Amino acid sequence: MKRSSSTDRILPVTSFNSGDVKEIAEGIYCYTVQIVNVFFIRNQANPNEWILIDAGMPASGGTILEKAEELFGKDCKLKEIILTHGHFDHIGGIIDILEKQPVPVYAHPLEMPFLSGEKDYPKPDSSVEGGAVAKMSGTFPIEAIDISEYLHSLPEDGTIPMLSGWRWIHTPGHAPGHISLFREQDRLLLAGDAFVTVQQDSLYKVLTQKQEIHGPPVYLTTDWKASKASVQTLANLRPVVAGTGHGSPVSGTELIEGLNRLAADFEELAVPDHGRFVDDEK
């Protein structure tokens with residue numbers, strides 16, 4: 001495996017919610033690592049197994065495994081990792097995790113170059129309209145990692161290994177191979193960064209985790225037309241509970257009305273007035 005700054009550069013940004021755990025459905029937990037969320041899912045078919053969705057901030061792997069042991073017990077084994085995408089704050093702990101618990105990692109084929117050492121992400125757009133986090137984003141790591149020996153493409157039919165009843169949905173825009181996960185039986189959505197529940201470019205709102213349904217983080221979203229289509233796709237699923245990559249889980253009327261509003265008025269609510277990736281689409 002090849003490390004990079006995306007796994008090893010510790011960023012001194014932490015929200016008030018860091019360390020919080022919320023059970024959003026039976027056996028499904030949202031865990032906040034500094035300013036990003038990972039999700040633990042107990043395997044319904046085998047309660048002694050669990051699945052990890054995303055891998056947190058750089059150098060957070062040990063913390064993630066410790067929290068899972070607190071929740072599930074030391075005899076409950078990690079069986080696989082699903083990545084919504086490969087940005088540094090979603091893969092930061094993955095090499096530390098794989099060194100301790102070598103398991104398959106599943107991602108969309110379009111994310112493979114960033115996870116197999118072939119290609120770095122585009123540099124964040126610190127010129128984009130937004131707050132302090134957007135301005136400091138030029139320091140965020142974009143380097144590829146190489147976890148090829150553990151890496152697998154998600155099944156083309158939309159199923160997810162070991163997660164019966166779930167399906168993955170391609171929701172590009174924030175990243176080329178970004179995916180979201182949806183469980184039909186209870187309309188539970190894990191949206192990654194397709195949309196979030198905090199204004200991620202505002203340092204104050206990130207630190208305080210002020211809740212609002214918002215478009216994807218502006219400084220790393222490279223395709224706004226695709227991002228709009230992805231939000232509309234997710235709104236059409238009519239989720240009743242959602243966990244996102246940033247911000248607190250949301251449910252009920254707040255989710256339904258907020259997501260529908262975002263889908264209907266995406267250009268006004270989500271797309272910055274200016275920025276490198278915005279200007280490229282004009």
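Modeller: This is a predicted model, in which local features need pLDDT of at least 70 and side-chain atom pairs count only at pLDDT 80 or more, while totals for chains, interfaces and linings use all residues. Residues are numbered from 1 along each chain as its sequence is written, and side-chain values use heavy atoms, with hydrogens and water left out.

Colleague: Is Arg187 buried or exposed?

Modeller: Arg187 is located in the loop between β9 and β10 (188-192). Strands are DSSP runs of E with at least two residues, helices are runs of H or I with at least four, and both are numbered from the N terminus. Buried means under 20% relative accessible area, exposed over 50%, and partly exposed in between, with a 1.4 Å probe and protein chains only. Since its relative accessible area is 17%, Arg187 is buried.

Colleague: Which residue has its backbone oxygen 2.5 Å from a polar atom of the side chain of Arg187?

Modeller: Contact means heavy atoms within 4.5 Å. Not counting residues up to four places away in sequence, Arg187 touches Phe182, Leu237, Arg238, Pro239, Val240 and Val241. The backbone oxygen that lies 2.5 Å from a polar atom of the Arg187 side chain belongs to Leu237.

Colleague: What is the phi of Met162?

Modeller: Arg187 has a positive phi of about 55° although it is not a glycine. Met162, in the loop between β7 (151-153) and β8, is partly exposed, with a relative accessible area of 31%. Met162 is likewise a residue other than glycine with a positive phi, and the value is near 75°.

Colleague: Which strands stand at the edges of the open sheet, and why is one side of each left without a neighbour?

Modeller: The open sheet has 5 strands in the order β8-β9-β10-β11-β12, with mixed pairing. Each edge strand has a single partner strand, so one side of it has no neighbour in the sheet; these strands are β8 (166-170) and β12 (250-251).

Colleague: What radius of gyration does the chain have?

Modeller: The chain holds 11 helices and 12 strands. The radius of gyration is taken over C-alpha atoms, and the globule rule is 2.2 Å times the number of residues to the power 0.38. For 282 residues a compact globule would have a value near 19 Å, with which the chain agrees at 17 Å.

Notes: Pairing = 2+ DSSP bridges. Polar contact = N/O pair within 3.5 Å; in protein donor to acceptor, adjacent residues only side chain to side chain.
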